[in-house]
Amino acid sequence: MKLPASLAFIILLCCALRSYGQSNSFLIRLRSMQTTSNLSDDDRNKDSFGLNIGYGKMIPGNHFGYDITGFADFMNYNYYFDDNKRFEGTTLYTGLAVSPHYTFNPQNEVRFSAGFSLKVGYNWGYGSVKEYSSQKDDYRYQLERKVANGGYSVAFAPMVSVSTPFDIGTVGLELGYDSSNFGQGINKLRSTYYPPLNYRSGYLFLGVFIRLHH
């Protein structure tokens, strides 16, 4: 099976950059997500989050660095298509990300950076249809559950961050936009209760990260 061209590019980039790093760090990123569009005003993006785990390196001078991480985006979406029925879906997007970044003031206690992530991965769609229960005042009765392959995709995520060092690393906050598509997986689902979805939305994110130096 041939690798997608974008995935092959990231693998080659990782190998090329590996020898240029000065200091290594173990990296964890956790972020919350908010969609930029909905199918209707009643729809909800519920408890969506993303996780990155990997390594980062800094180039001598500590202005420029890059991260290579595995990522998993759990993009949850509720779609109300009937008076008493609701679709509850998730697009799971997993893969590899390369994230170059530039720090404007690496010698300060509070550091400001800008960068982006290039992401390549595979999508899965998970969805269920639930019916409203007046007794429970909630959508409790599951009528259907489906799973589908969403295929490969590429995403781009510019971001800004602020961080501060501590004894064994750096901790910080980041804010940005990610073009990953909430509908990539759930659009592939087929149901007897609703027509195929045609939903697309990137997301804004706010996250925290920790770098542990060694």
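A cavity is a set of points on a 1 Å grid where a 1.4 Å probe fits but cannot get out. The model discussed here is predicted.

Q: What is the volume of the largest cavity?
A: When the whole structure is searched, 1 cavity of 30 Å³ or more is found. The volume of the largest cavity comes to about 100 Å³.

Q: Which residues lie nearest the centre of the largest cavity?
A: The strands S1, S4, S5, S6, S7 and S8 each supply at least two residues to the lining of this cavity. By class, that lining has 6 nonpolar, 3 polar and 5 charged residues. Among the 14 residues that line the largest cavity, those nearest its centre are Arg31, Asn52, Ser117, Met159 and Asp178.

Q: Which element gives the most residues to the lining of the largest pocket?
A: The largest pocket has a volume of about 390 Å³, and of its 24 lining residues Met58, His101, Thr103, Ser113 and Arg211 are the closest to its centre. Two or more lining residues come from each of S1, S4, S5, strand S6 (138-166), S7 and strand S8 (203-213). The element that gives the most to this lining, with 5 residues, is S5.

Q: How many residues of the lining of the largest pocket are polar?
A: The classes here follow the residue type, and Gly counts among the polar residues. Divided in this way, the lining of the largest pocket has 8 nonpolar residues and 4 charged ones, while the number of polar residues is 12.

Q: Is Asp67 buried or exposed?
A: Side chains of opposite charge can pair when their charged atoms come close. Asp67 forms a salt bridge with Arg29, in which the closest N and O atoms are 3.1 Å apart. Arg29 lies in strand S1 (residues 23-35) and Asp67 in strand S3, so this pair ties together parts of the chain that are 38 residues apart in sequence. Arg29 has a relative accessible area of 6% and is buried, and since the relative accessible area of Asp67 is 0%, Asp67 is likewise buried.

Q: How many residues apart in sequence are Asp178 and Lys119?
A: The side chains of Asp178 and Lys119 meet in a salt bridge, with a distance of 2.8 Å from N to O. Because Asp178 lies in strand S7 and Lys119 in strand S5, the pair ties together parts of the chain whose separation in sequence, in residues, is 59.

Q: In which strand is Lys130?
A: Glu88 and Lys130 form a salt bridge in which the closest N and O atoms are 3.3 Å apart. The two residues are 42 residues apart and link distant parts of the chain, with Glu88 in strand S4 (residues 85-103) and Lys130 in strand S5.

Q: Which side chain is joined to that of Thr69 by a polar contact?
A: Thr69 is found in strand S3 (residues 64-80), and with a relative accessible area of 1% it is buried. Not counting residues up to four places away in sequence, Thr69 touches several residues, including Leu27, Ile53, Tyr55 and Leu96. A polar contact of 2.9 Å joins the side chain of Thr69 to that of Asn52.

Q: Which residue has the backbone nitrogen that the side chain of Asn181 reaches?
A: Asn181 lies in the loop between strand S7 (169-178) and helix H2 (183-186). Its relative accessible area is 9%, which means that Asn181 is buried. Leaving aside neighbours within four places in sequence, Asn181 is in contact with Met75, Thr91, Tyr199, Arg200 and Ser201. The backbone nitrogen that its side chain reaches, at 2.9 Å, belongs to Gly183.

Q: Is Phe116 buried, exposed or partly exposed?
A: Phe116 has its place in strand S5 (residues 111-133), and its C-alpha atom is separated by 6.6 Å from that of His101, 15 residues away along the chain. Its contacts, with neighbours within four places in sequence left aside, include Val98, Pro100, Phe156 and Met159. Buried means under 20% relative accessible area and exposed means over 50%. Because the value for Phe116 is 34%, Phe116 is partly exposed.

How values were computed. Residues are numbered from 1 along each chain as its sequence is written. This is a predicted model: local features need pLDDT of at least 70, side-chain atom pairs count only at pLDDT 80 or more; totals for chains, interfaces and linings use all residues. Side-chain values use heavy atoms; hydrogens and water are left out. Helices (H or I, at least four residues) and strands (E, at least two) are DSSP runs, numbered from the N terminus. Buried means under 20% relative accessible area, exposed over 50%, partly exposed in between (1.4 Å probe, protein chains only). Contact means heavy atoms within 4.5 Å. A polar contact is a pair of N or O atoms within 3.5 Å; within protein, one must be able to donate a hydrogen and the other to accept it, and residues adjacent in sequence count only if both atoms are side-chain atoms. A salt bridge is a side-chain nitrogen of Lys or Arg within 4 Å of a carboxyl oxygen of Asp or Glu. On a 1 Å grid over the protein atoms alone, a cavity is a set of points where a 1.4 Å probe fits but cannot get out, and a pocket is an open set with protein on both sides within 12 Å along at least five of seven lines; lining residues have an atom within 4 Å of a point. Grid points are joined across faces, edges and corners, and a volume is the space filled by probe spheres set on the points.
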